Amino acid sequence: MADLLTVENLGNLLMLCFLQAVLGFDNLLYISIESQRAPVAQQQAVRRWGIVIAVALRVILLFAMIQLIDAMAEPFFVFDSPGLIEGGVNFATCVFVLGGIFIMYTAVKEIGHMLTIEHLDTDVESKSGKSAAQVVMLIVLMNLIFSFDSVLSALAITDVFPILATAIILSGLAMLLLADGVTRFLEKNRMYEVLGLFILLIVGVVLLGEAGQAAAHAMHDESLALKFFGYEVVPMSKTTFYFSVVVLVAVEVIQSGYTRKLNAERRTAARH
């Protein structure tokens, strides 16, 4: 125990908690949006059970990755068609590609649904027909997909399992505390749900970009980076991602304020 309570490990724990908080924002956003697809009476329970099960599975995933990181890093296929497609594919590549495509599909589908909906006050339950169990399974699945990049990033900081597990559990407790608040905010401000879906769309693009470098980073061999038609797939930096999010939020806030001002002026003009 004394070996764990070192300045280095405590510093790593603080860094990991910060990392989990930053990388967990998109996860929390997905949980808040997806939980609204469940029957209204069960939405809170869906969020809690989804997070609890997902955090437990994330700790198991972390333990498995520490044990199998070398085996998972080895590319199981290498493309070698210069000018067409080049680069290696490993387990992380597949996870990022499938996760990115699924997230983008979910965001586009929900945006399309919003454009076709006739009654905005329709019960959420009738919007998708998903059961509570289905939503919990989706939350758990996507939590694991979202956690893959954060787990890999965490392993780059330290390989001490108790420190890593503590950071994951603390991040899970934070999500439990914040999930209901984020969901209530989205329910009261429905326009921000559209903003959240567009952020998820960007998250899908980020994951697809991460897939291009997954094998190269794992094997420390830049020649394994995926290239299409001679162009290397370069992941979006976290700085660029969060700058994009800040810009989207700023545009939405300014537009909402401007719309309210216009509506107030129109109501005043109509009374006169």
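The entries below go site by site.

**Ground rules.** I am working from a predicted model, where local features need pLDDT of at least 70, side-chain atom pairs count only at pLDDT 80 or more, and totals for chains, interfaces and linings use all residues. Residues are numbered from 1 along each chain as its sequence is written, and side-chain values use heavy atoms, with hydrogens and water left out.

**Threonine 93.** I found threonine 93 in helix H4, residues 91-116. For helices I used DSSP runs of H or I with at least four residues, for strands runs of E with at least two, numbered from the N terminus. Is threonine 93 buried or exposed? It counts as buried, because its relative accessibility is 4%. My cut-offs were under 20% relative accessible area for buried, over 50% for exposed and partly exposed in between, with a 1.4 Å probe and protein chains only. Its side chain makes a polar contact of 2.8 Å with the side chain of asparagine 90. Such a contact is a pair of N or O atoms within 3.5 Å; within protein, one must be able to donate a hydrogen and the other to accept it, and residues adjacent in sequence count only if both atoms are side-chain atoms. Leaving aside neighbours within four places in sequence, I listed Gly88, Ala211, Ala214, Ala215 and Leu226 as contacts of threonine 93, meaning heavy atoms within 4.5 Å.

**Aromatic pair.** I searched the whole structure and got 1 aromatic pair. Phenylalanine 77 and phenylalanine 79 have ring centres 4.8 Å apart and planes at 75 degrees, so I noted the pair as edge-to-face. Rings of Phe, Tyr and Trp (its six-membered ring) pair if their centres lie within 6.5 Å; planes under 30 degrees apart are stacked, over 60 edge-to-face and the rest tilted. Phenylalanine 77 is partly exposed at 43% relative accessibility, and phenylalanine 79 is partly exposed at 29%.

**Positive phi.** Most residues other than glycine have a negative phi, so I checked for exceptions. Histidine 220 has a positive phi of about 55 degrees. It sits in the loop between helix H8 (191-219) and strand E3 (227-228), and I have it as exposed, with a relative accessible area of 74%. Phenylalanine 229 also has a positive phi of about 55 degrees. Its place is the loop between E3 and strand E4 (231-232), and its relative accessible area of 59% makes it exposed.
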